[in-house]
Amino acid sequence: MKFFTIIAVVCYLFVVSNCLPTLPSLSNTELINQCSQEKGVSLEVANQLVRHQKQASTQNEKCLLSCYLKESGYYVNGKVDSGKMFDFHKQLLPAEQQEELERIFKECVNSLDYTKGECQVAYDAYRCAQPNKSQMSQFFVV
């Protein structure tokens, strides 16, 4: 009987761990490191910015986000790819909230002012993907 209990617990843990959303891994670590060095932002701050744990407060921090979005393919040829941003972030939400997320992304990205300069536009676009707890699920963590 203990054997079946152990098997059941292991199966449960396997299923639960595979159902939780995960942050993209590796090359993001290298990418964050590269952009951190290029833009003169500490690695600790760079990680916080990329994970929406801190707001950019300097031009270098905004430019770090520009670097990150470009290298990740979210900011291409001077335009933000809202579809690609949505595709990544939708996996972090329950299906019933994905339509609202898509609406928020499109509305936000369509309101970007591309005359502000690359770093500011990238920062504004990155803020489109920032969790808005009043509108979205508490599970939306980037």
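These legends describe close-up views of a predicted model.

The model is predicted, so local features need pLDDT of at least 70 and side-chain atom pairs count only at pLDDT 80 or more, while totals for chains, interfaces and linings use all residues. Residues are numbered from 1 along each chain as its sequence is written, and side-chain values use heavy atoms, with hydrogens and water left out.

**View 1. Overall fold.** The protein has 7 helices and 2 strands. Helices (H or I, at least four residues) and strands (E, at least two) are DSSP runs, numbered from the N terminus. Along the sequence the pattern reads α-α-α-α-β-β-α-α-α. Of the 142 residues, 37% are buried. Buried means under 20% relative accessible area, exposed over 50%, and partly exposed in between (1.4 Å probe, protein chains only). Among contacts with a separation of 6 or more, 57% join residues 24 or more positions apart. A contact here means heavy atoms within 4.5 Å.

**View 2. Helix 3 against helix 4.** The axes of helix 3 (residues 43–50) and helix 4 (residues 59–72) come within 10 Å and cross at roughly 65°. Axes are lines fitted to C-alpha atoms, for helices over the stretch in contact, and angles run from 0 to 180 degrees between N-to-C directions. The crossing is right-handed. By definition, a crossing is right-handed if the near helix is turned clockwise from the far one by less than a right angle, and left-handed if anticlockwise. Helix 3 contributes V45, A46, L49 and V50 to the contact; helix 4 contributes E61, L64, L65 and Y68. These residues divide into 7 nonpolar, no polar and 1 charged. Ala, Val, Leu, Ile, Met, Phe, Trp, Tyr, Cys and Pro count as nonpolar; Asp, Glu, Lys and Arg as charged; the others, Gly among them, as polar.

**View 3. L49 and its surroundings.** L49 lies in helix 3 and is buried, with a relative accessible area of 1%. Leaving aside neighbours within four places in sequence, L49 contacts V41, K54, Q55, A56, E61, L64, L65 and Y126. L49 and Y126 are 77 residues apart in sequence, yet 9.6 Å apart in space, C-alpha to C-alpha.

**View 4. The largest nonpolar core.** This core has 33 residues. A nonpolar core is a set of buried Ala, Val, Leu, Ile, Met, Phe, Trp, Tyr and Cys residues joined through side-chain atoms within 4.5 Å. L49, V50, L64, L65, Y68, L69 and V80 have the most contacts inside the core. Helix 7 gives the largest share, 6 residues.

**View 5. Helix 5 against helix 6.** The two helices pack at about 150°, with axes 10 Å apart. That angle makes helix 5 roughly antiparallel to helix 6. Angles under 35 degrees count as roughly parallel, over 145 as roughly antiparallel, 65 to 115 as roughly perpendicular and the rest as oblique. Helix 5 passes helix 6 in a right-handed crossing. S82, M85, F86, H89 and K90 of helix 5 meet Q98, L101, E102, F105 and V109 of helix 6. The contact has 5 nonpolar, 3 polar and 2 charged residues.

**View 6. Helix 7 and D124.** Helix 7 is mostly covered, with 9 of its 11 residues buried. The cover includes helix 3, helix 4, strand 1 (75–76), strand 2 (79–80), helix 5 and helix 6. D124 sits in helix 7 and is buried at a relative accessible area of 16%. Beyond neighbours within four places in sequence, D124 contacts C108, L112 and K116.
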